[in-house]
Amino acid sequence: MNPRILLKVKGASRSDVEHILQVITECYINLPHNLDAVEVNIFQSSSDALSFLAAQSNTAGVKSRGFDEDFYAYHHAWLGLPSITVSVEKLNTLTPELADACIRHEVAHSVLHGEIRYYVIPTPPPYRRLKDVCKLSDDYLLDLTYLTAVAVKDYEATKLLYSHNYRLDQLRYAEHLLDEGFETTLWKIVEHHSEAKALFLTGSLKIPFCIKPLLDQENLHLQRKLESYLQPLGEYQHLLLEVVDEAAERFIDDTYSNIQTAAEICCEKILKSILT
């Protein structure tokens, strides 16, 4: 049964709205869920979509992070309901198949992470211990926790879709993420500043975690592409991949536990050596 859709539209054409709703409802038919309702917010312009998200984050009292001018579709549950916001302007820069894959990725998040508890994540114990040793601020721990949670939740969303016949769809999505390229310039700026470097590397777990469920014998090219994508990180290339591989082996059907597992391995393999 499909959830009730609470629809908000600004500027988008009827045909675009109908197509987006078709993709969303078809995805809910194919994915197991127990959602009663979901907000779907469709904006023609990316600036309107960003303004809307900023207003919602302010209403909820959360920091306006996690979305930027490059977002195509975005899910949150800050106000108690799963909420998917779409920028038609940005989706139109993609192929139709890739645009649909981006929407489905957010639908998967609504199925798995459609409650506010998935967006108010307590600091994992490994990060709390790191604070005591390294004299880190509460805001810094919040950033580490946020970046780790985003990476883990992306892994879970990809795994759900890939296991429900969206294989080619999510391969397109993964290749798109890799094709956008690594932030080499930013890495060169932060790599000599320990706290900024540690945050950057934690944030760099997002794409490898998102792609990890796709890395089977049929998609060996994706593993090579991922290694090439991370190559600017030098010695940290393989350390990041080790974090992802070891964490994925230990993940269970519990997002909080998975975030703690990822934080523990990231601390041991990367963060301690940088911050202590």
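How are H5 and H6 oriented to each other, roughly parallel or roughly antiparallel? H5 and H6 are roughly antiparallel to each other. For that word I used these cut-offs: angles under 35 degrees are roughly parallel, over 145 roughly antiparallel, 65 to 115 roughly perpendicular, and the rest oblique.

**Ground rules**

I am working with a predicted model, where local features need pLDDT of at least 70, side-chain atom pairs count only at pLDDT 80 or more, and totals for chains, interfaces and linings use all residues. Residues are numbered from 1 along each chain as its sequence is written, and side-chain values use heavy atoms, with hydrogens and water left out.

**H5 against H6**

I looked up the geometry behind that answer. Helix H5 (residues 125-134) and helix H6 (residues 138-162) have axes that come within 10 Å and cross at roughly 150 degrees. The axes are lines fitted to C-alpha atoms, for helices over the stretch in contact, and the angles run from 0 to 180 degrees between N-to-C directions. Helices (H or I, at least four residues) and strands (E, at least two) are DSSP runs numbered from the N terminus.

H5 passes H6 in a right-handed crossing; a crossing is right-handed if the near helix is turned clockwise from the far one by less than a right angle, and left-handed if anticlockwise. I listed the residues that meet: Tyr127, Arg128 and Lys131 from H5, and Asp138, Leu141, Leu144, Thr145 and Thr148 from H6. Contact here means heavy atoms within 4.5 Å. By class, the H5 contact with H6 has three nonpolar, two polar and three charged residues. The classes are: Ala, Val, Leu, Ile, Met, Phe, Trp, Tyr, Cys and Pro nonpolar; Asp, Glu, Lys and Arg charged; the others, Gly among them, polar.

I also checked the loop between H5 and H6, where Lys135 is found. Lys135 has a positive phi of about 60 degrees although it is not a glycine. At 68% relative accessibility, Lys135 counts as exposed. My cut-offs: buried is under 20% relative accessible area, exposed over 50%, partly exposed in between (1.4 Å probe, protein chains only).

Phi of Asn165 is near 70 degrees, and the residue is not a glycine. Asn165 counts as exposed, at 74% relative accessibility.

**H12 against H13**

I turned to H12 and H13 next. Their axes come within 8 Å and cross at roughly 160 degrees, and the two helices are therefore roughly antiparallel. The crossing of H12 and H13 is right-handed. From H12 the contact takes Tyr236, Leu239, Leu240, Glu242, Val243, Glu246, Ala247 and Arg250, and from H13 it takes Thr261, Ala262, Glu264, Ile265, Cys266, Lys269, Ile270 and Ile274. I sorted the residues of this contact into ten nonpolar, one polar and five charged.

**H4 against H7**

H4 and helix H7 (residues 167-179) pack at about 95 degrees, with axes 9 Å apart. That makes H4 roughly perpendicular to H7. The contact of H4 with H7 divides into four nonpolar, three polar and five charged residues.

I stayed on helix H4 (residues 96-112) for His109, which lies in it. Is His109 buried or exposed? At 7% relative accessibility, His109 counts as buried. Not counting residues up to four places away in sequence, His109 touches His75, Gly114, Lys153, Asp154 and Ala157.

**H9 and its cover**

In helix H9 (residues 194-203) I noted Lys197, Ala198, Leu199, Phe200, Leu201 and Thr202 as the buried residues. What covers them includes H5, H6, helix H8 (184-190), helix H10 (206-211), helix H12 (236-250) and helix H13 (255-275).

**Pro32**

Pro32 sits in the loop between helix H1 (14-30) and strand E2 (37-43) and, at 49% relative accessibility, counts as partly exposed. Pro32 and His164 are 132 residues apart in sequence, yet 9.2 Å apart in space, C-alpha to C-alpha.

**Whole chain**

Last, I took the overall view: the chain has 13 helices and four strands. Buried residues make up 52% of the 276 residues.
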